[in-house]
Structure formats: C-alpha cells, structure tokens
Amino acid sequence: MRDDSVADFYDRLAADYHLIFADWDATMTRQGEVLDAVIRGRLGEGAASVLDCSCGIGTQAIGLALRGHRVTGTDLSSAAVGRAAREAALRGARLPAATADMRRLPFADAVFDVVVCADNSLPHLLTEEDVRAALAEMRRVLRDGGLLVVSTRPYDELLRARPASTPPQVGPTSGGRAVTFQLWHWHDDGERYDLEHFQLVAQEQDWRVAVRRTTYWALTQRQLTEFAAGAGFTEIAWELPEASGFYQPLLTARVPRPAPAVDH
C-alpha cells in the first residue's frame with residue numbers, strides 16, 4: 001500500500017462520502033446497532049473501549065459512540081478524521097480522533113476492549129507483510145480477551161465472478177441527487193484490482209463529476225483467517241450479512257486470556 005495514494009483517495013472523498021448512502025444517519029444508526037450487538041454478545045453488557053482504526057468520516061465510530069461505547073477513531077486520511085470528529089460533535093457524541101496508519105497505531109499496549117476495522121479497509125494493504133503488520137498492531141493494543149471486528153467485501157464470491165463494475169448507488173443532495181458507481185480493473189495475479197470511484201453530483205442544470213482511484217487486495221475468508229491466527233488471535237469466526245445484519249461479511253476474533261496460574 002502506498003500511504004500517499006490511499007490517503008489521497010480518502011482525502012478527496014471525505015467531503016462527499018455521505019453521498020454514497022441514501023440516508024447516512026440511518027446507515028450510521030443501523031450499523032452502530034449491529035456492531036453494538038456483536039460487541040455486547042461477546043463481551044457482555046456495558047460500555048466498551050473501542051478503537052475504530054479505519055474510521056473514515058465516522059459511520060461506524062459515531063454509531064457505536066451513540067450506543068454508549070467509548071470510541072476513539074483513527075484513519076490514514078486527515079480530512080476524513082477531521083470530518084468524523086465534527087460530525088460526532090454535531091450529533092452529541094464524543095469521538096477523539098487522530099490521523100494514523102493501522103500498521104503503526106499510536107497507542108500503548110492493551111488499552112482497548114475492541115478494535116473495529118470495517119468498510120473493506122484492511123484490503124487496501126496489498127502485501128502479506130502489511131496485512132500481518134496491521135493485525136499485529138490491532139492485537140497489541142487490545143487487552144487480554146479483547147475483540148477484533150473486521151469487515152470486507154464478500155471476496156470469495158467476487159473472485160469467482162471478477163466483476164468489472166458495481167451497480168449505481170443513488171443518494172439525495174441539496175441540489176437533487178448523487179450517483180456513485182465503481183469500475184474495477186483486475187490485475188494479472190487475479191487477486192488485486194484497481195478501482196475507479198465515480199461520483200456524479202447534480203448541480204442546477206449540470207453534473208459535477210469526480211473520479212478517485214485506489215487499489216485493493218481481494219482477500220478470501222481463508223486468507224484473512226490465517227493472517228488473524230498468525231497474529232495470535234483465537235476464536236476466529238465469520239458471520240455473513242444474513243446472519244449478522246451487517247452489510248458485509250464480518251470476521252470476529254479474540255485475544256486469548258493468559259492461562260490461570262497453577263499452584264504446586
């Protein structure tokens with residue numbers, strides 16, 4: 001992953017990111033509810049200390065903060081992080097946020113109960129070394145017994161079809177509508193693809209067109225499971241959208257607790 005290219009992609013998208021959704025606040029609420037249920041179902045009732053290490057403009061981070069969790073947000077994009085903090089404040093939520101790379105998290109060891117890495121963020125890392133580094137950092141900042149939650153696109157299905165585009169998504173704007181779609185260009189290795197993100201925003205009698213480009217690695221569930229296990233996570237499981245209610249497949253995993261001391 002080239003830090004500058006991914007950061008630039010999201011810096012340029014940050015102001016318009018909400019236009020991907022028909023109703024961003026409703027999406028924020030729904031995803032917050034689902035992730036809250038995942039967290040409480042595994043860690044028990046009560047507020048958790050959560051790091052969203054790819055928070056973007058705050059879709060999951062704000063949703064979880066509004067559910068009572070103590071959320072910190074980081075992201076490679078400074079524009080996205082700044083907007084996430086502002087949007088949280090507008091909704092009465094507290095969201096400390098900072099620009100940071102998930103491979104080098106600026107926190108001490110064992111300070112969070114949960115790390116969230118949603119919205120297909122981890123597959124921006126294009127090498128095994130980088131994926132392993134990010135997962136090792138997520139494990140490092142989690143307490144014993146802590147929970148990892150990662151969401152990606154359904155790459156097991158997508159690798160069979162290798163689509164060239166996504167269906168258009170239409171959202172409302174003050175001037176009318178915004179239309180978002182993507183073109184995918186698969187690499188010769190069959191696993192990675194360049195993405196062109198098109199956004200057309202209605203403006204009076206014309207459209208404003210923005211094209212942003214980035215690259216992903218289509219990580220399968222087996223690959224990501226192996227990487228998580230290699231980072232020291234246990235109880236690794238996948239939940240598909242029809243089971244979890246989240247819009248992407250969810251990987252959950254735990255940091256093992258130390259074995260109790262045995263008296264001799």
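Modeller: Let us begin with the largest pocket, which has a volume of about 1,000 Å³. The model is predicted: local features need pLDDT of at least 70, side-chain atom pairs count only at pLDDT 80 or more, and totals for chains, interfaces and linings use all residues. Residues are numbered from 1 along each chain as its sequence is written, and side-chain values use heavy atoms, with hydrogens and water left out.

Biologist: Which residues that line the largest pocket are the closest to its centre?

Modeller: Lining residues have an atom within 4 Å of a point. There are 47 for the largest pocket, and Tyr17, Asp119, Arg153, Tyr247 and Gln248 are the closest to its centre. Helix 1 gives the largest share of the lining, 5 residues; helices (H or I, at least four residues) and strands (E, at least two) are DSSP runs, numbered from the N terminus.

Biologist: Why is the pair of Phe107 and Phe112 called edge-to-face?

Modeller: Rings of Phe, Tyr and Trp (its six-membered ring) pair if their centres lie within 6.5 Å; planes under 30 degrees apart count as stacked, over 60 as edge-to-face and the rest as tilted. The search of the whole structure finds 11 aromatic pairs. The centres of Phe107 and Phe112 are 5.1 Å apart and their planes are at 90°, so this pair is edge-to-face. Trp184 and Trp186 also form an edge-to-face pair, with 6.1 Å centre to centre and 65° between the planes.

Biologist: How do you know whether Phe112 is buried or exposed?

Modeller: Buried means under 20% relative accessible area, exposed over 50%, and partly exposed in between (1.4 Å probe, protein chains only). Phe112 has 5%, so Phe112 is buried; Phe107 has 23% and is therefore partly exposed.

Biologist: Why is Arg153 said to lie over the face of Tyr216?

Modeller: The rule asks for NZ of Lys or CZ of Arg within 6 Å of the ring centre and within 35 degrees of the ring normal. Arg153 lies over the face of Tyr216, at 5.3 Å from the ring centre.

Methods: On a 1 Å grid over the protein atoms alone, a cavity is a set of points where a 1.4 Å probe fits but cannot get out, and a pocket is an open set with protein on both sides within 12 Å along at least five of seven lines; lining residues have an atom within 4 Å of a point. Grid points are joined across faces, edges and corners, and a volume is the space filled by probe spheres set on the points.
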